[in-house]
Amino acid sequence: MTAGTRRLPAGRVEEERFTFLADGVPVAAWPGESIAAALLAAARSPAYFCGMGVCWQCTVAVDGEVGVRACMTPAVPGMKVDTLPRRGPKA
Ligand code: FES
């Protein structure tokens with residue numbers, strides 16, 4: 001078993017997986033999977049606490065937009081995620 005196949009949802013095939021960039025490194029994700037879930041599976045964890053959009057510990061920048069909650073945002077093919085900027089809720 002290789003990394004990534006352990007979370008292959010029932011009925012899905014490997015070819016559905018796509019990649020996005022996290023801090024310049026390709027990360028594999030499944031359609032519908034959150035950025036945080038893909039980062040955790042790839043051992044590139046953002047700060048992560050509640051996993052349900054409450055604590056704002058998982059904020060990342062997505063394609064230059066800061067303050068995006070990784071646990072609530074689906075991964076999209078080709079997106080660029082920067083895990084370094086940490087900022088709370090938008091004012
Ligand atoms: S982990 Fe709490 S808002 Fe994302």
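This is a predicted model: local features need pLDDT of at least 70, side-chain atom pairs count only at pLDDT 80 or more; totals for chains, interfaces and linings use all residues.

Biologist: Where is Asp 63 found, in terms of the strands?

Modeller: Asp 63 is in the loop between S3 and S4. Its phi is positive although Asp 63 is not a glycine.

Biologist: Is Asp 63 exposed or partly exposed, and why?

Modeller: Asp 63 counts as partly exposed because it has 13 other C-beta atoms within 10 Å.

Biologist: How do S3 and S4 pair?

Modeller: Strand S3, residues 59-62, pairs with S4 in the antiparallel sense, over three bridges. Thr 59 has Arg 69 in S4 as its bridge partner, and Val 62 is partnered with Glu 65 in S4.

Biologist: Which other strands form a hairpin?

Modeller: S1 and S2 do, with two residues between them. In that turn, Asp 23 has a positive phi of about 55°.

Biologist: And how many bridges are there between S1 and S2?

Modeller: Five bridges, and the pairing is antiparallel. Strand S1 covers residues 18-22 and strand S2 covers residues 25-29. To see a facing pair, look at Leu 21, which stands opposite Pro 26 in S2.

**The whole sheet**

Biologist: OK, zooming out. What elements does the protein have?

Modeller: One helix and five strands. Going from the N terminus, the order is β-β-α-β-β-β.

Biologist: In what order do the strands form the sheet?

Modeller: The order is S2-S1-S5-S3-S4, in an open sheet with mixed pairing. At the edges are S2 and strand S4 (65-69), and each of them pairs on one side only. From one strand to the next, the twist averages 40°.

Biologist: What joins S3 to S5?

Modeller: Two bridges, with the strands running antiparallel; S5 is residues 80-82. Across that pair, Ala 61 stands opposite Asp 82 in S5.

Biologist: What about Leu 84, where is its place?

Modeller: Leu 84 is in the segment after S5. Along the chain, Leu 84 and Ala 61 are 23 residues apart, with 7.8 Å between their C-alpha atoms.

Biologist: Is Leu 84 buried or exposed?

Modeller: Exposed, because Leu 84 has 9 other C-beta atoms within 10 Å.

**The helix and the core**

Biologist: Switching topic: which residues does helix H1 cover?

Modeller: H1 covers residues 35-41, and Ala 37 is one of the residues in the helix. Ala 37 is partly exposed because 19 other C-beta atoms lie within 10 Å. A residue needs 20 or more to be called buried.

Biologist: How many residues apart are Ala 37 and Tyr 48 along the chain?

Modeller: Eleven, and their C-alpha atoms are separated by 10.0 Å.

Biologist: What comes between H1 and S3?

Modeller: There's a loop, and Ala 43 is in it. Ala 43 has a positive phi of about 60° although this residue is not a glycine. Ala 43 is also exposed, because 8 other C-beta atoms are within 10 Å.

Biologist: Now the inside. Which residues in the largest nonpolar core touch the most other members?

Modeller: Ile 35, Leu 39, Val 60 and Ala 70, out of 16 residues in that core. S1, S2, H1 and S3 each supply at least two residues of the core. H1 gives the most, with four residues.

Biologist: How much of the protein is buried?

Modeller: Buried residues make up 21% of the 91 residues.

Biologist: Last one: among contacts between residues at least 6 apart in sequence, what share join residues at least 24 apart?

Modeller: That share is 38%. To recap, you're looking at one helix and five strands, with the strands in an open sheet of mixed pairing and H1 giving the most to the largest nonpolar core.

Conventions:
Residues are numbered from 1 along each chain as its sequence is written. A residue is buried if 20 or more other C-beta atoms lie within 10 Å of its own, exposed if 12 or fewer, and partly exposed in between; C-beta atoms are placed from the backbone. Two residues are in contact if their C-beta atoms, placed from the backbone, lie within 7 Å. Two strands pair if DSSP finds at least two bridges between them. Axes are lines fitted to C-alpha atoms, for helices over the stretch in contact, and angles run from 0 to 180 degrees between N-to-C directions. A nonpolar core is a set of buried Ala, Val, Leu, Ile, Met, Phe, Trp, Tyr and Cys residues joined through C-beta atoms within 7 Å.
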